[in-house]
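Trainee: I would be grateful for a close look at the pockets of this model. Please describe their linings in some detail.

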Amino acid sequence: IPKIAIVGLGPKGLYGLERLLANLGRLEASFPVEIHLFNKSDFFGAGDIYRTDQPAYLLMNYANGHISLWPEEDPAPIVTRPKSFVQWLEMHQLEYPESNAYTFSSRSTVGRYLSEGFEELLQNCPESISIIKHVGTVCDIKKDGEQYQVKFRDLNSGQEEIIDNFQHILIAS
């Protein structure tokens, strides 16, 4: 089974995961793939910069209209109805009544959008693809021939683990 690791599941890792799933989803023949996601917190998709538990006064430095998880180029996203951030805000108008394409939202609001997008990816993931989440700190990456080994410290147990036989690693930390 091919194994892929993504280290860091903030926005950049999330964008990488989205494009990987879009490309795997367009293949005619499905085959099993394991994707291991390594993130130092439970905020998959949002990362530390866009954590959903930070104060609302920490605002973005660019307008809402420039934010979208879903690219417009091919291959199309695997989710059924991808929404830009502005479209997502319109769906949550009661919570964010003053928001539009020209306003600036809080980092935590963008984090909520990214986290929900991550969950949509998990829900729409092809059955042949397994996604395994790891919460902790990656301590080391070693190359062994044509494969890689990832050593990380689990946040909950504090134990170090080694997972090997990765063919590809995306480092987005």
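Mentor: In this predicted model, the second largest pocket has a volume of about 180 Å³. Its lining is formed by Tyr-15, Glu-18, Arg-19, Ser-68, Leu-69, Trp-70, Pro-71, Glu-72, Pro-77, Pro-82, Lys-83 and Ser-84. By class, six of these lining residues are nonpolar, two are polar and four are charged. Among the charged ones are Glu-18, Arg-19, Glu-72 and Lys-83, while Ser-68 and Ser-84 are polar.

The largest pocket has a volume of about 410 Å³. It is lined by 20 residues, and those closest to its centre are Gly-8, Leu-9, Gly-10, Ala-172 and Ser-173. Two or more lining residues come from each of helix H1 (11–25), strand E2 (33–39) and strand E3 (129–144). Of these, E3 supplies the largest share of the lining, with three residues. The lining of the largest pocket comprises nine nonpolar, eight polar and three charged residues.

Tyr-148 lies in strand E4, which spans residues 147–154. Tyr-148 counts as partly exposed because its relative accessibility is 25%, and that class lies between the limits of 20% for buried and 50% for exposed. Beyond its neighbours within four places in sequence, Tyr-148 is in contact with Ile-141, Lys-142, Lys-143, Ile-163, Asp-164, Asn-165, Phe-166, Gln-167 and Ile-169. Pro-126 is 22 residues from Tyr-148 along the chain, and the C-alpha atoms of the two are separated by 25 Å.

Technical notes: Residues are numbered from 1 along each chain as its sequence is written. This is a predicted model: local features need pLDDT of at least 70, side-chain atom pairs count only at pLDDT 80 or more; totals for chains, interfaces and linings use all residues. Side-chain values use heavy atoms; hydrogens and water are left out. On a 1 Å grid over the protein atoms alone, a cavity is a set of points where a 1.4 Å probe fits but cannot get out, and a pocket is an open set with protein on both sides within 12 Å along at least five of seven lines; lining residues have an atom within 4 Å of a point. Grid points are joined across faces, edges and corners, and a volume is the space filled by probe spheres set on the points. Helices (H or I, at least four residues) and strands (E, at least two) are DSSP runs, numbered from the N terminus. Buried means under 20% relative accessible area, exposed over 50%, partly exposed in between (1.4 Å probe, protein chains only). Contact means heavy atoms within 4.5 Å.
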